[in-house]
Amino acid sequence: MPKVRAGITTSVDGYITGPNDGPERGLGEGGERLHYWVFGGPWTYAEPGRDEPTGADKEYIDGEMADQGAVIGGRGTFDAADRWGGSNPWPVPFFIVTHRPQDEPANAGFTFVDGLDTALDQARSVAGDKDVYLMGGADLIRQALRAGYLDEISISVAPVVLGAGKRLFDGFDKSIDLEVIRTFSSPFATHIRYRVAR
């Protein structure tokens with residue numbers, strides 16, 4: 001049965017970005033360290049030199065993407081990622097949750113929708129028998145957890161303490177029980193896949 005899954009990377013102290021994140025610095029100051037695992041090693045905004053994930057990181061990301069039928073992201077993530085250069089980076093339909101759906105870029109492969117419920121309805125309709133994947137940001141994942149929409153959540157913990165930025169669970173006021181399904185570990189991150197208890 002298709003699932004609604006989410007995935008996001010945090011620092012050991014729970015931050016999904018360093019301070020001052022935004023366009024051209026989507027992960028904030030020092031936040032590049034969060035995604036060393038995505039790019040196969042160290043990189044910076046000043047000197048990207050990015051590569052591909054390897055080993056356990058590749059196994060994890062391949063598993064996360066294998067059953068995706070649609071992706072949902074938040075407007076803040078869309079803007080912080082500099083609109084992914086103007087085209088959908090995923091090989092499946094990509095829905096962006098925003099208060100300004102009229103801002104949808106033409107012919108870029110994104111569908112702007114006015115809320116998480118609308119995004120889920122549309123994503124499920126195009127995903128067929130595949131999963132719907134929420135890539136964040138943190139607010140979108142918190143909304144999905146509060147509403148009871150998530151079947152699974154994967155959290156990649158990078159071995160860095162950022163000390164400031166945006167936290168995944170800031171202001172979260174609901175207890176959620178999680179069950180560990182599987183872990184993957186590399187020098188760049190520990191990936192933990194959880195089942196969300198109902």
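1. F188 sits in the loop between β9 and β10; strands here are DSSP runs of E of at least two residues, helices runs of H or I of at least four, numbered from the N terminus. Please keep in mind that this is a predicted model: local features need pLDDT of at least 70, side-chain atom pairs count only at pLDDT 80 or more, and totals for chains, interfaces and linings use all residues. Residues are numbered from 1 along each chain as its sequence is written, and side-chain values use heavy atoms, with hydrogens and water left out.

2. What is F188 in contact with, beyond its neighbours within four places in sequence? With contact meaning heavy atoms within 4.5 Å, the partners are R33, Y36, W37, G40, G41, P42, D57, A158 and P159.

3. The structure holds 14 aromatic pairs (ring centres of Phe, Tyr and Trp, the last by its six-membered ring, within 6.5 Å; planes under 30 degrees apart are stacked, over 60 edge-to-face, the rest tilted). Y36 and F188 make an edge-to-face pair, 6.3 Å centre to centre with 80 degrees between the planes. This pair links distant parts of the chain, 152 residues apart, with Y36 in the loop between β2 and α1. Y36 counts as buried at 16% relative accessibility (buried is under 20% relative accessible area, exposed over 50%, partly exposed in between, with a 1.4 Å probe and protein chains only).

4. A search of the whole structure finds 15 salt bridges (a side-chain nitrogen of Lys or Arg within 4 Å of a carboxyl oxygen of Asp or Glu). One of them joins R5 and E64, whose closest N and O atoms are 3.6 Å apart. R5 lies in strand β1 and E64 in helix α1, so the pair ties together parts that are 59 residues apart in sequence.

5. E59 is partly exposed at 41% relative accessible area, and R182 is partly exposed at 40%.

6. In helix α4 (residues 138-147), the buried residues include A138, L140, I141, R142, A144 and L145. Just after α4, G148 takes a positive phi of about 75 degrees.
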